[in-house]
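A short briefing follows the display.

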Amino acid sequence: MGEVVLEMKNIIKDFPGVRALNDVNFEARSGELLALMGENGAGKSTLMKVLSGVWPYPSYQGDIYLRGELKRFYNTKEAEAAGIAIIYQELNLIPDLTVAENIFLDRQMTNAFGAINWGKLFAETQRLLDELNITDFKPTDKVKDLTVGKQQLVEIAKALSKKADVLVFDEPTSALTDKEVAALFEIIRKLKRQGVCMSYISHKMEELQQIADRVVVLRDGKTIGDVTPIAEITLDQLISRMVGRDVKDMFPKGQFQRGEKVLEVKNFDIDNPDLPGQKKVKNACFCAYKGEILGISGLMGSGRTELVSGIFGAPPGPAHGEIYLDDKLVRFRSPHAAIEHGIGLVTEDRKRIGLILGQSIIQNMMISSLETVTNVLGIINQAKERNLAQDYVKRLSIKTPGLDVKIDTLSGGNQQKVILAKWLNIKPKVLILDEPTRGIDVGAKVEIYNLLNKLVEEGVTVIIISSELPEVMGISDRILVMCEGEIVAELTREQATKELIMAYATGSQK
Amino acid sequence: MANTAPTTEQPATGFLQSEGMRAFLKFLKDNGTLVALIALMFIFSLWDEAFFTPRNLTNLARQTTIVGIIAVGMTLVIIINGIDLSVGSIVGLAAIVVTLLMQSGVNIWAAILITLLLTGVLIGLWNALWIAHYNIPPFIITLGMMTIARGIALTLSDGGSVPVTDPVFGEIGGGFFSVMVSTIMVLLIFAYLLFSQYRDLKQKQQYGVTVKQQELITTGVVTLLAGAIVLYAFSYRGLPYPVAIFAVIAFIGSFTLQHTKFGRRIYAMGGNEEAARLSGISIKRMKIAIYCIITTLSALAGIMLASRLNGASPNLGNMFELDAISAVIIGGTSFSGGVGTIIGTVIGAFIISVLNNGMSLLEVPTFYQLIIKGGIIILAVWFDVLSKKKRG
C-alpha cells in the first residue's frame, strides 16, 4: 500500500439555503484507485470543486493536505500546479484543434519569435501517447473527429502532461462503449503501477469491483463510514451506506388504475443536423396513458432527451412522424404550441435552459402561464399572481425567504420545485420530466416523487427520464429503454431488473 | 452596528439618526444615476445662473424628448440582448417623409399616420424579418438599415431640406399647454405618484415584504422635489406638448415592462432566451413586436423633430442612436440583457441633455463636449460592471 498523498479533513461547504458538504473526511494513497461513491446530489461534484480550487479557499471550511502539507488553493491554477487534475464528465476540449494542441493548450512549445514549434509539439504528444499505449489516434487528429471515449483519453494525456499525480475521474465511463471502458481501465492500471494517486467517482458497482482498491461513500454531504478496501465490503453494505434508508421508503409508489390512452407517438424520427443521413431518434413508437408514470431509461446520448424535446416542439433537428394527443393528430411547431395543448417539459439542464437566472422566484414560476393572472389587456393582477405563487410555495414546501428573491439563491431542490410549480400552473395533461432529480438532495427527491404520484392520481400523464436505475424502476409503471436513438424495450414494472435494463441500454440484448 | 432593530414600522424619530442616515446612504447607492443627475444640475446651477431658470429648464425638457422617446424603445431592445442602430436614420427619414407628404397636399394627420406606418412599422418588420426569422445579428441588420434609411432620406429630398408651412403641424413639437392646465396636470400626476408609492407599501406589507420607513420617506422626498422642479420649470410657458407626449410614452413603457405579460416576457427573454422559448414564449413574435415598437417610436421622434424645426433635412437624427443607447446604458440597463427600467432610461436621457445643455451654456467647445460625454458613458458601464461584481 502506498503512502498517503491526498487527505481531506472536515470539509464543509455551504451554499445559500443548503449545506452541500458537511464534514467530509478521507485520504487517498499513491498507486491506488479510491472510489468515491454516492447518489447524485450527495456532494461529490462539490467536493471535487473544492479540491480543484473552483471553490477557492476560504469559501469552504476544513483542510486539504497534499503529501502531509496543508494546501489552500485560491484558484484552479494553484491546484493544477500542485499536481491535481480532474477529468470532468463534460470534457473541456476545443473540437476544432488537434489532439496535440489540446494537450498543450496555452503551453505550446514556441521558438524565439513566439511561433509554435509544430515538430516539437507533435513529437512530444506522440511520446506521451506512446507512454500510455494509445495507438487509436494521432497527435495531428482533430478532437472533433474522435469518439467521446477517445476524447477522454486526450484529457488524461493532458492531465499527465502537466505532471499531475492526483487524478480525479468524474463518472468517466457514463458515455463510453464497453471497448472504450476496457481501454480506459488498462490505462488506469498502468498509472497505478506508476504510483499515481487516483480517485474515481461512479455509481457503477461492477466497474468499481473491477478497478477500485478502496471505496468511500458520500451521502448528504457527509462521508459515511471509513475508507474501506473494496474486497472487505459487500454490495448490500455499500448500498445501505449510499442510500441510508430502505429503498422502498425512497421511492413511494402510488397504486393507480391505468386509464385511457393520452399520448401516442408513431414512427418518430429526428435527423442529426450535424451528421447528414444519421438520426438522433429512430422510428420511435410508444403510448402513454392516463394514470401512469412512464419511465424512459437509457445511457447518456441514447436519444432520450432528443425524443422528448421533439415531442415538445423543440427537436434538435428536423423531426418526422406522427404524434396523437387524445387520438387527434397534432403537430407542434414550437414549445408554445405544445404548452397550449397541455404538454409540459421539465428540462434536463436546469441552469442553462430551465431557469431564468438573475430573476425572481415569482417571475420564473409564472412565465409559462401568465394568462392565468392577466386580464384581456395583458395586465397582471398582482394580488392574484402573488396568492397563486404563495399557494405553490406552500403546496410544494419550497424553502424561500420570499417570492421576490432571485432564483439563484435557492438550493437545487427548491429551484426544481419552482420549475415544477411553473409547469403545474399550465394545468398539464402530459408532464414530461427529464432527469428531474439530478443534483438534488435526497429529501427533496422524495418530495418530488410524492408530488408525481399525486399528479398521476389527479389524472396527469407523467413521463420521466432518469439515468438512475433505482429511481426509474422505483417510480415507473412501465419503462421504455432506449439505445442509440431507438426504443429497444418496453418493460413492465414487474419485468424490470437493473441487469435487464442495462443489457438493453448497452445494446448487449436486443 | 449600533442599531439592528427589525425593519418594519418604526416611527421615524429625526432624520439624522443612524437608521435614517443609513437608509439615505443606501438610497444614494441604489440610485446612482438619479444622484448623478441631481448633482449635475446642482453644479451647473452654481456655475451659471442661466441654467436653473424656468426658460432653460423648459428648453432642456424639450431637448430631451426626441432622444428620450427613442431611448424608451431602445430599453426594450437592449433588455432582450438586441440593439437597433437604425433609429437615428429613421428620425431623418420620417422627418423627410412627413414633410414631403404634407408638401404634396396630404392632410397632416394622414401624413403622420402614413409616416408612422411606412418608416416605423414597415422598417421594423423588415429588421425583425432578418433578426427573428433568419437569425442575423441585429447589430448587422440595423447597421445596414442605418445606411439604407439615410440613403432613402437623401434620395427623396434630393439632398436638400423640406420646409413646412402648416402652423398646426408646428404645434406638435412646439406647442404648450397653458401654465394653469400644466400646473393642474403636474399636481395630479405627482399626487398619483405619491399615492401609488403608498399603495405599493401597503401591498408589500400585506405580502410580508419588509419595507424601511426611512427608505420610503427618501423616495417621497425625491418625488416631491422632482414635482417642485417640474412646476418651477413649466411656470415659464407651461407644459410643452412634446414633453407631454414623452411622459405618456415613458409611462406606458414603464407600465408595460413592470405590469404586463408582454413586459414579463421581455425580461425572461433577456435573462435566458432558450429557457424562455422552452417556457412557451414565442421568441419570433416578441422580436417582431419589439423591433417594430422601436422603429415606430423613432419615426414619431422624427415627426416631432420636423415639427419643432418647422422643416426637415435628410441629415436630421444623425448619431441619435448613440445618444439613445447611452441614455439606456447610463440608466442602468445591462448590456448582457434581462435587466433595466424605463425610469432609469428617462433619468439617463436627462443626464445626457443636462450635460449638453449645461456645457453649451458654459460655452464648452463642442469638441470637448464629445470627449466628456464619451467618458461619462464609459464611467456608467464601468459602474454597472462593478456593482454586478459586488453582487457576485
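The model is predicted. In it, 24 residues of chain B are in contact with 31 residues of chain A. Chain B also carries a nonpolar surface patch of about 790 Å², and chain A has a cis peptide bond from Y57(A) to P58(A).

**Interface of chain B and chain A**

- The two chains bury about 2,300 Å² between them, and 55% of this area is on carbon and sulfur atoms.
- Two salt bridges are found across the interface by the rule applied.
- One salt bridge pairs E385(A) with R264(B), whose closest N and O atoms are 2.5 Å apart.
- On the side of chain B that touches chain A, the elements giving two or more residues are α10 (241-259), α11 (261-271) and α12 (273-278) of chain B.
- Of these, α11(B) supplies the largest share, six residues.

**Nonpolar patch on chain B**

- The residues that make the patch are I189(B), Y192(B), L193(B), F195(B), Y198(B), V248(B), F251(B) and I252(B).
- Two or more patch residues come from each of α8 (179-206) and α10 of chain B.
- The most is given by α8(B), with five residues.
- F195(B), one of the patch residues, is found in helix α8 of chain B.
- Helix α10 of chain B is listed among the elements giving two or more residues to the side that touches chain A, and also among those giving two or more to the nonpolar patch.

**Backbone features in chain A**

- Most residues other than glycine have a negative phi, and most peptide bonds are trans.
- The peptide bond from Y57(A) to P58(A) is cis, with omega near 0 degrees.
- P58(A) is placed in the loop between α1 (44-51) and β4 (61-66) of chain A.
- K427(A) is not a glycine, yet has a positive phi of about 55 degrees.
- The loop that holds K427(A) runs between α15 (412-424) and β17 (430-434) of chain A.

Terms used:
Residues are numbered from 1 along each chain as its sequence is written. Chains are lettered from A and ligands numbered from 1 in the order in which they are written. This is a predicted model: local features need pLDDT of at least 70, side-chain atom pairs count only at pLDDT 80 or more; totals for chains, interfaces and linings use all residues. Side-chain values use heavy atoms; hydrogens and water are left out. Contact means heavy atoms within 4.5 Å. Buried area is the accessible area (1.4 Å probe) that two parts lose on being put together, summed over both. A salt bridge is a side-chain nitrogen of Lys or Arg within 4 Å of a carboxyl oxygen of Asp or Glu. Helices (H or I, at least four residues) and strands (E, at least two) are DSSP runs, numbered from the N terminus. Patches are made of residues with over 30% relative accessible area and no salt bridge: like charges are joined within 9 Å, nonpolar side chains (Val, Leu, Ile, Met, Phe, Trp, Tyr) within 5 Å. Accessible areas come from the Shrake-Rupley method with a 1.4 Å probe; for residues, only the protein chains shown count as cover.
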